[in-house]
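Biologist: I am new to this structure and would like to learn how to read it. Can we go feature by feature?

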Amino acid sequence: AIPNLTEKLITILNLLGMPNVRFKIEIQVSGSYKNNGKDTLQFLFSANKGTDFGLLKKVASGGEMSRIMLAVKSILSQYSKLPTIIFDEIDTGVSGEIANKMGEIMREMSGTMQVFAITHLPQIAAKGSNHYKVFKTVHGENTVSELKLLTTDERIIEIAEMLSGKDISDSAMNHAKALLN
């Protein structure tokens, strides 16, 4: 068991731009055993002041769910000895300062485990110590996914492209350099 789980979740989610978030975990004991035990857990959630609790899976938006998942995983990582964790677009539905804060949480997690983040957000890509580009090439009749470790200069270009698209502006280049520093 994780002590003060809901309080820890709320603290992290406050940092991630959800100042009025509330959680409640309801445990219902069944009369019979199921393949995963006798208890049924329901995660109830309210993101905004004045709104009632609802089932997390029904009322949380995509961006809210991304932040909640990162918060849960960051808490669980403190209690488990996982050598590696992989986030596949955990940042869906967020941007700007929230993406930056999510990247900071992932960077903190990397102090005790290896963290892989698959992302399209420059704020998160810039937080890593290494940056790999995943891309597809066509060989004859087959499409192949490839992976390339980027150099510092390639990384600046890739992050600038994430910011402004294929036509990279001077502003995007400067912003990419700033994100990496």
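Biologist: Over which ring does the charged end of R22 sit?

Modeller: A charge sits over a ring if NZ of Lys or CZ of Arg is within 6 Å of the ring centre and within 35 degrees of the ring normal. Here the charged end of R22 is over the ring of F53, 4.4 Å from its centre. This is a predicted model, where local features need pLDDT of at least 70, side-chain atom pairs count only at pLDDT 80 or more, and totals for chains, interfaces and linings use all residues. Residues are numbered from 1 along each chain as its sequence is written, and side-chain values use heavy atoms, without hydrogens and water.

Biologist: How many aromatic pairs does the structure hold?

Modeller: A pair of aromatic rings is described by the distance of the centres and the angle of the planes. Rings of Phe, Tyr and Trp (its six-membered ring) pair if their centres lie within 6.5 Å; planes under 30 degrees apart count as stacked, over 60 as edge-to-face and the rest as tilted. The structure holds one such pair. The ring centres of F23 and F45 are 5.4 Å apart and the planes are at 50 degrees, so the pair is tilted.

Biologist: Is F45 buried or exposed?

Modeller: Buried means under 20% relative accessible area, exposed over 50%, partly exposed in between (1.4 Å probe, protein chains only). F45 is buried, at 1%, and F23, at 10%, also counts as buried.

Biologist: Which residues is L70 in contact with, beyond its neighbours within four places in sequence?

Modeller: Contact means heavy atoms within 4.5 Å. For L70, these residues are F87, I90, M102, I105, M106 and M109.
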